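Biologist: I would like to learn how to read a model like this one. Please take me through it feature by feature.

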Amino acid sequence: MSSDDPRSTTADRESIDISRRDFAKAAGGAALFAGATDAGAADQLRQTDRTPIEGTVDTITESFTPQDWYTIAPFQYQRRDTSVGSLFPRGGADDFSTGESTPSLDGELQSAFAGGSEVRWEQVQASGGTVGFPQARSEIDPTGGNLTPLTDFGGGAGGLFDDFQDWFGIGGSLYGKGYAFTTFEVDGPKRAVLETDATVWLNGHRHEESPAGVVLQDGTNYLLASSLLIYGFIGSVTLTFRPPEAPVEVNGPATFRGIPQNIIVPDLRVGEETDLPASVRVTNTTGEPVDEATLTVAPDNEYLVEQQVDIDPPLAPFETRRVNTRIQTGTGAAGSDSSSTQAGNGGGDGNGQQGGPPGELPDQAKANATRSTTRSEVTGEAMTHTPPETGQEAESMSDSLTSMAGDDVSTTTLETSRDVLSVTARAEVGDQRHSETVDIRVADADANRRMTTFESEIDGSVQYFTYRRPANDESSTGPYEVVFSLHGANVNSWNQAGANIPREDAYVVAPDARGPVNYDHEDLGRVDDLEALRVAMDRFDLDESNVYISGHSMGGHGTWHIGLTNNDRFAALAPSSGWTDHETYITVVWGRDKLHAYPGLKALKEKALQKNLAMPKTQNAEDGNTPIFVLQGGEDTSVPSMQPRSYVRALANRGLDVDGEVGYRHQVTPADTDVAYLEVPNADHYWDKNEFSDETIGPGKDTVNHPDMFEFIRSSTNDPYPESLTFFTTNLRIEDGKHWVRVVEQDQVHAPTRVDASVSSDGIHVETENVARLEVDTQVLREVDVDADSRVYTPVGSASLPGRGHATVDLSGNGVRANRGRGRPSRGVGKDADQYGPMKEIHQKPYRLVYGTQASDAETAMNRNLANIRSQRLVTRARAPATVIPDTAVDRATMDEYNLILFGRPSANSVYQQVQQSIPVRVGDGTVRIKDDTWSGDLAVSLLYPNPRNREKLLQIETGTSLAGVQLTRVRDWTPTQTAAADYMVFDESVRFQKWNACVAAGYFDKHWQVDDELGFRRQVETR
């Protein structure tokens, strides 16, 4: 049995006993361990012995992977916002990555995944750059089959998988975690590029995305890697150090389902001129700023125009950034009309018969027989996924996800007879250059489907969506209806558009939710989807009153979430196999927030997540203005029927008329019912009736194209001025109004807010909950044909509303202010639709990542590492530029244009120094104070606040009372959906194992951005 065979047991392996004394000797003496027990000594060490080498250093000359490793697994994985460590109490990841803690036999660790609750380090050898976890399966059940099979999801003894809620919680037992540790010697210092699929701590610095430029220190280097394990034992770490190819490298050619991700380009069309944005991901591999780099996009043909841009601002040391450029034709891409298979960017057949299987978890984890390496947006961890054999025949990924041939794509015959046009992205610094080539798909002149790009107003990133033109495009004129179609997890927009059959008189617009696995349609994904819709409305002749939102699986959830959050944008909703929310789709009953957090802290966390909760948002459908058709497979094991049934029950409880049917057809219209529910027997998650019957319902996959669903939704039109409406929200930044009412100010922020408004011959009637100021578009008086001479605002008595324009109604009794025209009242400094919080909002407007440079070299390097971690996450997950700059580069223009994310202590970050006295959370050397409470120790502080130097912009500050405290902030990731982010959080090192309960203080500022005792939780604890 080979050493990396997952079937090998502990008895097959040689036990390892490596003492801390041996490691101390190898690392240079007992001084190393002073920092292990004394925080002050640890800070001093980091400022001296651990000072990284900046400036010009030699590079390694050959690629290498350390060969001797120590691995330990499996541990339970904790997903989403906080990187939970499992190496306590024997020292956390930071300690291992600096040599302060090391593997040893007397250092066995406890694991909820392990039989006997104990796992030990074992020695393994790397094979081909890959490090396995051979002990993981045997540690789960060392008896070989007589313990509870935590990870048996059907097909084996036990079969504990429950589609409604797994015994241990999907995500609680589906995902595991393993650590690999090594040391290696370098005659250095030496520059290198780290290529890995894991999260890596190297000499105290953390790296989450590849490639990453690093400096290997002279002598012993310490490396800890953490990787996701599927079913607790399937996974590995792949890691290589290689010589840099240039000071600035172009990242590529990574693809997702056939679409390039590191280099984003639009499709071209035969005979059509194109001038659209593109973006190229680049990495500074050096420890120095690069301030004279250029990016050139050079075509290999005469149809595209060469583009060159300066990479500005300068690239920070080791920064990864997306640089915007353009794809531009002078006379249109010329080609023939011949049709054949093309191996370009990819996707589904011309008739939309292959939209791709759901690609969802956990269904993907159970059935997908294809090995893939990616970074899971469900978990945020790097994962290498090889599901075990289940006896189920999975859909061929090559057939159903990455087959991008068909009538939509033509082989373009150019002078060189190539199938596609290619461009080379080239980064140049002086006479040193690095390039990657990407193919651009060229569609026929009559092609129905195309991927296009746009530059986002959210953060300046280049995003894309795919559209289908109407089936009768050549013989009809607009404005056209819009099918706004949301994809599932691990399915891209090209496939989603391909899954939709072309429809007469309607465009299909499929946005591409941000992230490497396109996950998902909440938070930044929701904002991005709505922006893609706005861009499509601007570019094409589309009818705003006939936009229908639909989607399957995660896209079905997105239909519920976006359709109920922003339902005045849509004429009807059509969710298919859509789960309710994350807490019900991927349950984590053993989540540490649930197990550890005190009720007061837990309540704060839930307040942060209430904007995503499913059932309260059904209030927005209560007025009956947005018909809903719900489609569900009766034997769906990924999204069980109880999930959509719960929605339907909630809608019925809101007073809506619901008509449910079990069968293959449900031919009703909005004139018959408010909500139609069709549950199809024999149908699984992604289905077509002819797969289990000789009969056919209609063209295309029924789960996406069911004719009754489309007949229902296309029978509805969106009225911008309905006679009555109900609006519900908890966060004005998420949504502040509906149709002809807008909430300008709440009484209490982050609390349920509701407006019931109607118009009749008696005037405008409004009932409110938690509203201080309300804006009414009085045009509604004319639109519903009532006398507009004088109207009564009933809750506050008599008040005259104008017949045109807007009226702002102050519910405190100060009367009505009328605004002629369509303008909004000027905003004050308070929480409103432009600035609200919590912390995740910082990414929803253009921003800069600012690291402090005013302290020692070691502290500057740590601050920069924190900024680069955030940048890497955003570049990968949000396809954002995520520009990193030093505090010395922040000037008045930067303050005016950008939200700022500040990294470092006040003494280390000059921008923070300028504003610290204006922020109610005061951070000092060793202490943090909020009002009359003070805490001391190594504490991390994260907070969001309006920039005192420009109240129109926001600051997010990642700081701490010490270097160790600042370093703690990197355990939190503000990018994934369902991240619970307050306005301010103060926490200690226990965050590594108990998450939210580590907070000694957390809360939300009030509507005037002041500390509010009722919106916070502060406890007196003895800090270390």
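We go through helices, a glycine, aromatic pairs and charges over rings.

Modeller: This is a predicted model, where local features need pLDDT of at least 70, side-chain atom pairs count only at pLDDT 80 or more, and totals for chains, interfaces and linings use all residues. Residues are numbered from 1 along each chain as its sequence is written, and side-chain values use heavy atoms, with hydrogens and water left out.

Biologist: What span should helix α9 have, and what are its ends apart?

Modeller: Helices (H or I, at least four residues) and strands (E, at least two) are DSSP runs, numbered from the N terminus. The expected span is 1.5 Å times one less than the number of residues. For the 16 residues of α9 (residues 524-539) that gives 22 Å, and the end C-alpha atoms are 22 Å apart, which agrees. Helix α18 (residues 857-877) has 21 residues and reaches 30 Å, close to the 30 Å expected. Arg 879 follows α18, with a positive phi near 50 degrees.

Biologist: How many residues of α18 are buried?

Modeller: Buried means under 20% relative accessible area, exposed over 50%, partly exposed in between (1.4 Å probe, protein chains only). In α18, 20 of the 21 residues are buried, so the helix is largely enclosed by the rest of the structure. In α9, 13 of the 16 are buried, so that helix is largely enclosed too.

Biologist: Where does Gly 178 lie, and what does it touch?

Modeller: Gly 178 lies in strand β6 (residues 175-186). Its relative accessibility is 0%, so it counts as buried. Contact means heavy atoms within 4.5 Å. Leaving aside residues up to four places away in sequence, Gly 178 touches several residues, including Ile 72, Phe 133 and Leu 229.

Biologist: What describes a pair of aromatic rings?

Modeller: The distance of the centres and the angle of the planes. Rings of Phe, Tyr and Trp (its six-membered ring) pair if their centres lie within 6.5 Å; planes under 30 degrees apart are stacked, over 60 edge-to-face, the rest tilted. The count here is 22 aromatic pairs. Tyr 467 and Tyr 507 form a tilted one, 6.3 Å centre to centre, with 35 degrees between the planes. Tyr 467 is in strand β28 and Tyr 507 in strand β30, 40 residues apart.

Biologist: Which residue has its charged end over the ring of Tyr 664?

Modeller: A charge sits over a ring if NZ of Lys or CZ of Arg is within 6 Å of the ring centre and within 35 degrees of the ring normal. Lys 689 does this at Tyr 664, 4.1 Å from the centre. Lys 831 lies over the face of Trp 1009, at 4.8 Å from the ring centre.
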